[in-house]
Amino acid sequence: MVAAFEKACGKKIPLVYAGRRAGDAETVYAATAKAEKELKWKAKYGVEEMCRDLWNWASKNPYGYGSSDNGH
């Protein structure tokens, strides 16, 4: 994920390795083959495309939805 976001934004993302915080998931898995089999759903795009699109949207909307007034 970090490498995909670095590619999307063109910047090095500094990492700090630390213990889990309260409420953090211990492990996270993604099995697209299982989703395709059980839900009859297949992703059109991969992680790099997702990161690219998120970065593009966030860059254009730094204050989130409804940010046309720059958050004021």
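A salt bridge here is a side-chain nitrogen of Lys or Arg within 4 Å of a carboxyl oxygen of Asp or Glu. This is a predicted model, where local features need pLDDT of at least 70 and side-chain atom pairs count only at pLDDT 80 or more, while totals for chains, interfaces and linings use all residues. Residues are numbered from 1 along each chain as its sequence is written, and side-chain values use heavy atoms, with hydrogens and water left out.

Select lysine 7 and glutamate 48. They form a salt bridge, with the closest N and O atoms 2.9 Å apart. The pair joins distant parts of the chain: lysine 7 sits in helix 1 and glutamate 48 in helix 3, 41 residues apart. Helices (H or I, at least four residues) are DSSP runs, numbered from the N terminus. Lysine 7 is exposed at 59% relative accessibility; glutamate 48 is partly exposed at 44%. Buried means under 20% relative accessible area, exposed over 50%, partly exposed in between (1.4 Å probe, protein chains only).

Stay on helix 1, residues 2-9. Ala4, Glu6 and Cys9 are buried there. Now show helix 3 (47-60), which is part of what covers those buried residues. Step just past helix 1 to glycine 10, where phi is positive, about 70°.

Next, the other salt bridges. The whole structure holds five. One of them pairs lysine 42 with glutamate 36 (3.8 Å, N to O). Lysine 42 is exposed at 58%, and glutamate 36 is partly exposed at 37%.

Finish at aspartate 53 and arginine 52. Their salt bridge has its closest N and O atoms 2.9 Å apart. Aspartate 53 is partly exposed at 39%, as is arginine 52 at 38%.

Key
Helices (H or I, at least four residues) and strands (E, at least two) are DSSP runs, numbered from the N terminus. Contact means heavy atoms within 4.5 Å.
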